[in-house]
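Here are my notes for you. Keep the model open and check each point against it.

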Amino acid sequence: MNDMTPSREQRIANLKGMGASRKRVEDVRFTQGKGNYVDDIKLPGMLFGDFVRSPYAHARVKSINTEAAMALPGVIAVLTAADLAPLNLHWMPTLAGDKQMVLADGKVLFQGQEVAFVVATDRYIAADATELVDVEYEELPVVVDPFKALEPEAPVLREDLEGSAEGAHGPRRHHNHIFLWEAGEKEATEQAIDASEVVAEEMVYYHRTHPCPLETCGTVASMDKVNGKLTVYGTFQAPHVVRTVASLLSGIEEHNIRVVSPDIGGGFGNKVGVYPGYVCAIVASIVTGKPVKWIEDRMENLSATAFARDYWMKGRISATKEGRITGLHCHVTADHGAFDACADPTKFPAGFFHICTGSYDIPVAYVGVDGVYTNKAPGGVAYRCSFRVTEAAYFIERMIEVLAIELGMDAAELRRINFICKDQFPYQSALGWEYDSGDYHTAWDKALEAVGYKELRAEQAQRIEDFKAGRTRKLLGIGLTHFTEIVGAGPVKNCDILGMGMFDSCEIRIHPTGSAIARLGTISQGQGHATTFAQIIASETGLPADSITIEEGDTDTAPYGLGTYGSRSTPVAGAATALCGRKIRAKAQMIAAYLLEVHDGDLEWDVDRFVVKGAPERFKTMKEIAYAAYNQAIPGLEPGLEAVSYYDPPNMTYPFGAYIAVMEIDVDTGEHEVRQFYALDDCGTRINPMVIEGQVHGGATEGYAIAMGQEIAYDEIGNVKTGTLMDFFLPTAWETPHYTTDHTETPSPHHPIGAKGVGESPNVGSVPAFSNAVHDAFRAFGLRHSHMPHDHWRIWKIARDLGLHG
Amino acid sequence: MIPSSFEYHRPSDLAAAIGLLAEHGDEARVIAGGHSLIPLMKMRMAGATHLVDLQGLGDLKRITVSADGISIGAMVTQAELIAHEGLAAAVPLLREAALQIADPQVRNLGTVGGNVANGDPGNDMPGLMQCLGATFTLEGPDGSRDVAAREFYHGAYVTARADDEILTHIRFAPPAGGYAYEKQKRKIGDYATAAAAVLLTRNGGTVASASVAMTNLSDVPVWSQAAGEALAGSDCGDEAVRSAVTAMLADIDPQQDNRGPVEFKRHVAGVMLARAISRAWSRA
């Protein structure tokens, strides 16, 4: 070694491995407008598809006349259900075990439903032609309220299911009922609650909203009739699943289908499912022999492809006089819309909603979820959360606040005395989960200290006094949340999608000169996989992250995986990546031993090299080993340096966090100002702090939107009232609050690198924090609960109903 | 979100533009910044087979400020209006209000003329122009005529402008006294839930004159003469403000929409007006 030899610290820094705030490599192209999204794909002879959609929420389709549309020059085809029926593609299976119309088959069940698919030589002609398709409808009674949908006299929505008493998830008790899903102990819970000193009850509604990714859904399908290969480019969060489903539906052998997810402009759950547009584009390409593009516009995205939430959660929570929680009971009426197209692991029709005991040691609990059909768009996807976890977190964090009111207790203290203690992990929850690790008290105390909780409460008390004395018209709300997420689906023994186990994968190839390419079964939609997965490999193999290319989304090249959603990429594919890197390193150790003429066991790993124990001057760097792997005959070893790993996680991971929002509320106008937002996340081992911070900012902004105004609203006859960005709240830089981020680090004991996943925590945690701040501002005036979104008029209504307008 | 096909015209002088409107009748639409018309065309809620773009009419991009009066060409963008120092000095109300319209990208294209001529009750400029007592100049095949802003609006998207006329200029006398524009909106880019424009002059401790106009609280902008009269001669105290609000509430007719129910809008209208009066008085 000499002066030119980099120090160990320099070598570590050079890797930009785990823990480094490495800049996102993707942003070079994204910030220059050089991304390659589905709509950027242009193939020779490409045709364009556009939908005729239903203006009605419930109607019989009496006839469809396509003559005038077909007569328009440039129109190649107009597909209807009648055209798809011979192929048995007029309906398609959903991820939730239901089936969904691809094109209206006799009736329509929601406004915006796909009725006919026009294919033309350009998208302007296609749009013109949709207006020329003459559809005769007979309006039917509309049901948009899930409670009314279950009344005996409610109209039958799904005539295709009439008389079928058994659904995909057990018995159906009504013609608009989908399933009843239960967890926990019903009787024991009811007994515990009835015997308790204090009981709080509340109906907590998590309204219907929408992931609204900046890029809408779309596809380009290209059937090559000469070689029989179908290529499908699309906005797919799970490209491999799409390939398998496409093969099963079409009968085309899986090796003849290539699915490619190019750059994706945000997904947030909206791009997990399979949509009629994909099926129609594929069929149209098979029929015409030409590539067919279909791109949704914003109104179609908001009104037809998957929404999120719409959960009516009736809760009962009980406690001792001192505030020890004794039981939790929850019944959910879940509005799934016209088809059950939730994107959950198949055995979990209510997702992981039964994480709803949250961060608390609750001895007994019960959850029952009734899925219901209504005349609204299908969906119910996990909008930047693990499956139904934001619903669960919102529910428990509201119930805690309501219980605090019932007890006359400070809500921070009530949380503290009920937290699962550090020494209780791994913790078995009353609803059947095994929490892997946590240290809630430490996080909570750190958060309260950071925001100056005591001082805030004193300020609030003064404010209330000032308000009552007429010195101010603004109230101060302190919104508390401690959430526990469940992510990383999941163990194949109980997690699958349509029978496909939810493992994930990574394949690493080291090139002779010491750079590498890695491919994964996941697909980034903005999460920064090309940045962070390279960091895991850098730490595991000792090759600099800057020398590692990450590739995802092409099913012809990437190993099979279940995709990216539910914060599963790091817990599952990240684990596969680490283990794959370790396989590489194991072989590298054998090569190094041969080169250094020592036994394998005489070597130790040091950042980027194997060093002979006790002889630090004798080493081989990974770069040298890579070259030797390809160019030197090593007895007993195959040439090359590559590996593939498939990882089936033993358990989920349980990230958690403490979020606090401080808001000023104008009682007269219903306006608000977020004065402070503090987010402490514990996502286990932190791979890239800067990427984590970015994820927290993005997720908290979505949470802010959801809590304070974002909704998909329908009128009583099923018209979408919020189908454009004028009415659907998507915050700009102007509305977006300032965030303070913080962390504790409690590694997952079962994950190879201890990482838990973070992308969705900020959405899960921020919604109750914002909502609780609004509620807290009015607590002193008697408010218990008021439904989101807390837009101006709804906050104004709270104040009016409490008599605060004089 | 794809419009049906249309012919695009870009005349280089006013006579040619008016000629095109005459030639194509109700199949033609004038386009200025396009921020109202183009979304409607994309949603196929407005059909126009001939678009007559006024970007080529340089005369309509002028702002003149003098002691006798102010003239703003119809093609002046909101951004140009905001940037004009002479105008800001003479009519600070306009800059204060224009900064509350949409976002910088929209303001870079959206024009004052388009904003007042379209007749959209959500637009901010119509109420402001009523508050200022402005006059709109319309040019048509039969020559030029002036219409008072307070007489211009007949209903949502229905104005005194004939199909073959073009609104070319806005003129008004520089206002004296205090001013304020108070607007509540859900987010950047939204129309007002309620907005109030107030101009006040002071004579010692009393209000010498007052002009009050409200935005997006009826199918037309509302210049509330009664509200102004309630303030004139008063000390602008709580009681006077209450009378002005009561008078204004008798003149507006808001409808329920996603911004909220009627009762909420009326309440907010009162709050906006009270705040605008208070701020204008402090500046008078």
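1. Start with one term. A salt bridge is a side-chain nitrogen of Lys or Arg within 4 Å of a carboxyl oxygen of Asp or Glu. Now look at Glu263(B) and Arg800(A). Their side chains meet in a salt bridge, with N to O at 2.4 Å. Bear in mind that this is a predicted model.

2. Next, the charged and polar pairs in general. The rule finds 5 salt bridges across the interface of chain B and chain A. It also finds 16 residue pairs in polar contact there, both residues of each pair being at pLDDT 80 or more.

3. Which helix gives the most to the side of chain B that touches chain A? Helix α12, residues 262-283 of chain B, does so, with 7 residues. By class, that side of chain B has 11 nonpolar, 6 polar and 8 charged residues.

4. Now the extent of the interface. The size of an interface is often given as the accessible area lost when the parts come together. Chain B and chain A bury about 2,300 Å² between them. Of that area, 57% is on carbon and sulfur atoms. The contact takes 25 residues from chain B and 28 residues from chain A.

5. An unreviewed UniProt entry annotates residues 1-177 of chain B as "domain: FAD-binding PCMH-type". Over residues 1-177, chain B is 34% helix and 24% strand. The end C-alpha atoms of this stretch are 46 Å apart.

6. Is helix α8 of chain B, residues 125-132, largely enclosed or open? It is largely enclosed by the rest of the structure, because 8 of its 8 residues are buried. Among them are Met125(B), Pro126(B), Gln130(B) and Cys131(B). After α8(B) comes Gly133(B), whose phi is positive, near 70 degrees.

7. Finally, find Thr653(A). This residue is in the loop between β32 (642-647) and β33 (656-666) of chain A. Is Thr653(A) buried or exposed? Thr653(A) counts as buried because its relative accessibility is 1%, and the cut-off for buried is under 20%.

8. What surrounds Thr653(A)? Leaving aside neighbours within four places in sequence, Thr653(A) is in contact with residues including Asp436(A), Glu485(A), Pro571(A), His750(A) and Lys756(A). Look closely at Lys756(A). Its backbone oxygen lies 2.8 Å from a polar atom of the side chain of Thr653(A).

Technical notes:
Residues are numbered from 1 along each chain as its sequence is written. Chains are lettered from A and ligands numbered from 1 in the order in which they are written. Side-chain values use heavy atoms; hydrogens and water are left out. Contact means heavy atoms within 4.5 Å. Buried area is the accessible area (1.4 Å probe) that two parts lose on being put together, summed over both. A polar contact is a pair of N or O atoms within 3.5 Å; within protein, one must be able to donate a hydrogen and the other to accept it, and residues adjacent in sequence count only if both atoms are side-chain atoms. Helices (H or I, at least four residues) and strands (E, at least two) are DSSP runs, numbered from the N terminus. Ala, Val, Leu, Ile, Met, Phe, Trp, Tyr, Cys and Pro count as nonpolar, Asp, Glu, Lys and Arg as charged, and the others, Gly among them, as polar. UniProt positions are given in the numbering used here, feature names are shortened, and annotations may be inferred rather than shown by experiment. Buried means under 20% relative accessible area, exposed over 50%, partly exposed in between (1.4 Å probe, protein chains only).
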